[in-house]
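Dear colleague,

Please find below the structure that I am handing over to you, together with its sequence. My findings follow directly after it.

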Amino acid sequence: MVFLAVRRAKALQITLAIIKPDAVAHPLISEAIHQKILDQQFIVVRSKELIWRRDDSERFYAEHKGRFFYQRLVEFMSSGPMRAYILARENAISHWRELMGPTKTYRARYLSPESIRGKYGLTDTRNTTHGSDSLDSAEREIAFFFPEFNKKCWYEMDEPLIRAGYYSYS
Ligand code: ADP
């Protein structure tokens with residue numbers, strides 16, 4: 001039993017996903033994105049709705065400081081509620097990024113029209129969603145949003161709840 005749990009936990013990867021303020025402002029769009037998460041067999045390990053202060057936004061996007069869109073991005077991300085998720089499944093990081101589609105909305109529309117950004121993105125900044133792009137960024141970003149989350153033993157602790165169907169997992 002323990003062996004099985006360890007094997008399953010190894011196959012699962014976790015990532016940080018955000019439904020950004022532009023999408024949360026439209027309940028039908030945020031609901032469609034949430035449904036996509038469930039349809040794609042992600043386990044919703046943790047989720048919360050929150051509003052950033054400007055300095056949260058500045059810290060999270062510090063790597064983009066100095067770029068022409070930085071001020072716009074920081075203002076947008078602190079402009080209203082967003083929804084943050086820890087999502088788990090095999091290849092969660094790359095799978096979520098593939099579902100989101102390219103960063104820039106016009107590219108997403110033409111190259112990946114069925115992607116989330118292709119369908120719902122408004123502009124290059126207001127592009128509906130965020131997803132970690134590597135194991136390191138997933139770890140850092142999960143800690144940013146969910147500092148109490150224990151990445152080492154979350155599966156062992158949460159498994160009974162997952163098995164009982166307590167978590168969203170279609
Ligand atoms: P991604 O979110 O796809 O990982 P980046 O990390 O490069 O992309 O950028 C972070 C966010 O900054 C993007 O999701 C988008 O909101 C904004 N952004 C990136 N590039 C541009 C751009 N050229 N013009 C406007 N906003 C941008």
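Leaving aside neighbours within four places in sequence, Lys20 is in contact with Met77, Met82, Thr128, Thr129 and His130. Please bear in mind that this is a predicted model. Lys20 lies in the loop that links strand 1 (13–19) with helix 2 (21–24). Because 24 C-beta neighbours lie inside 10 Å, and 20 or more are needed, Lys20 counts as buried. In UniProt, an unreviewed entry gives the feature "binding site" at Lys20, and also at Phe69, Arg97, Thr103, Arg117 and Asn127.

One of the contacts of Lys20, His130, carries an annotation of its own: the unreviewed UniProt entry lists it under "active site". His130 is placed in strand 4 (residues 129–131). Is His130 buried or exposed? It counts as buried, because it has 21 C-beta neighbours inside 10 Å. Not counting residues up to four places away in sequence, His130 touches Ala17, Ile18 and Lys20.

The ligand comes next. The residues around the ligand are Phe69, Leu73, Thr103, Asp124, Thr125, Asn127, His130 and Asp133. By type, this shell divides into two nonpolar, four polar and two charged residues. Phe69, Thr103 and Asn127, which are in the shell, are also among the positions that UniProt gives as "binding site". Phe69 is found in the loop between helix 4 (54–60) and helix 5 (70–77). With 13 other C-beta atoms within 10 Å, Phe69 is partly exposed.

I turn now to the strands. Strand 1 is mostly covered, as six of its seven residues are buried. Strand 1 and strand 4 run antiparallel and are joined by three bridges; here Ile18 stands opposite His130. Strand 1 is also joined to strand 3, again in the antiparallel sense, by seven bridges. In that pairing, Ala84 of strand 3 is the bridge partner of Ile18. Ile18 therefore has a partner in strand 3, Ala84, and stands opposite His130 in strand 4.

Strand 3 (residues 82–89) has six of its eight residues buried, so the rest of the structure largely encloses it. Strand 2 (residues 43–50) pairs with strand 3 over seven bridges, in the antiparallel sense. Within this pairing, Arg46 stands opposite Ile86.

Which residues of the largest nonpolar core touch the most other members? Of its 26 residues, they are Ile14, Ile86, Leu87, Ala88, Ala92 and Trp96. At least two residues of this core come from each of strand 1, helix 3 (27–39), strand 2, strand 3, helix 6 (92–100), helix 8 (116–120) and helix 9 (135–145). Strand 3 gives the most to this core, with six residues. As for Leu87, its contacts beyond four places in sequence include Ile14, Ala17, Ile37, Phe42, Val45, Ala92 and Trp96.

Finally, the unreviewed UniProt entry lists residues 12–153 as "domain: Nucleoside diphosphate kinase-like". The end C-alpha atoms of this span lie 12 Å apart, and the span is 45% helix and 18% strand.

A colleague

Notes
Residues are numbered from 1 along each chain as its sequence is written. This is a predicted model: local features need pLDDT of at least 70, side-chain atom pairs count only at pLDDT 80 or more; totals for chains, interfaces and linings use all residues. A residue is near a molecule or strand if its C-beta atom, placed from the backbone, lies within 6 Å of it. Ala, Val, Leu, Ile, Met, Phe, Trp, Tyr, Cys and Pro count as nonpolar, Asp, Glu, Lys and Arg as charged, and the others, Gly among them, as polar. UniProt positions are given in the numbering used here, feature names are shortened, and annotations may be inferred rather than shown by experiment. Helices (H or I, at least four residues) and strands (E, at least two) are DSSP runs, numbered from the N terminus. A residue is buried if 20 or more other C-beta atoms lie within 10 Å of its own, exposed if 12 or fewer, and partly exposed in between; C-beta atoms are placed from the backbone. Two residues are in contact if their C-beta atoms, placed from the backbone, lie within 7 Å. Two strands pair if DSSP finds at least two bridges between them. A nonpolar core is a set of buried Ala, Val, Leu, Ile, Met, Phe, Trp, Tyr and Cys residues joined through C-beta atoms within 7 Å.
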